[in-house]
Amino acid sequence: MALRSMSRFVAEVRALYAALGDPAQVWPAAKAPMAALLKDPKLAALAKDWPVSDHENLLFYEDPDFGFVVNGLIKDPGRKTRIHDHAHVWVLYGVLAGSEEILRYERLDDGSIPDHAEIRESGCQKVAPGAMDIVAPHAIHAEAAGDDGSVAIIMRSEKPGGFNQGRYDPETGRYWESPGVTQIPWPL
Ligand SMILES: [Fe+2]
């Protein structure tokens, strides 16, 4: 990896995995290395050439031992994701450029009715460059890019695509599952 800030980030996360083992402990501890990564002006300069990737993630790195990945997600102005969860995976979301609104939802039913979920919005947070958000397994959320779009660096405990994630439609109460975003290899 040519970009030093990214290789340093990866080395620090690998050290956290070696010391702590469990993503539930690694993720809060990874906020400090992510904060340093988000401050790198070289990364911000590179991001200006990254393509908008509404339905894909750029794949910067996949760890051969611990399985975590580092992704990039570039949204057009005003673009909003569907309401979803990331199944059993831990996610650390960092805003590199632009702005975002992060919406959180709580589930009201007990999940006993197939293909059905009742959810309601439980929080809305506006975030700017440098902001970070940990999304725990099965946490229900959506993100909406601000007027200038957004660029996010995302660390996930497992590469999306090989497992289903939950999807929610609060209007109809429909719940369904489908694979996560496609990965576009993008070495830095
Ligand atoms: Fe998400």
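A residue is buried if 20 or more other C-beta atoms lie within 10 Å of its own, exposed if 12 or fewer, and partly exposed in between, with C-beta atoms placed from the backbone. The model here is predicted: local features need pLDDT of at least 70, side-chain atom pairs count only at pLDDT 80 or more, and totals for chains, interfaces and linings use all residues. Numbering starts from 1 along each chain as its sequence is written.

Start with A87. With 15 other C-beta atoms within 10 Å, A87 is partly exposed. It sits in the loop between strand 3 (83–84) and strand 4. Strands (E, at least two residues) and helices (H or I, at least four) are DSSP runs, numbered from the N terminus. The phi of A87 is positive, near 55 degrees, and A87 is not a glycine. Most residues other than glycine have a negative phi.

Now follow strand 4, residues 91–107. Two strands pair if DSSP finds at least two bridges between them. Strand 4 pairs with strand 6 (residues 132–135) over four bridges, in the antiparallel sense. There, L92 stands opposite I134. E101 has K126 of strand 5 as its bridge partner.

Between strand 4 and strand 5 comes a loop that holds D115. Is D115 buried or exposed? D115 counts as exposed, with 9 C-beta neighbours inside 10 Å. D115 is not a glycine, yet its phi is positive, about 60 degrees.
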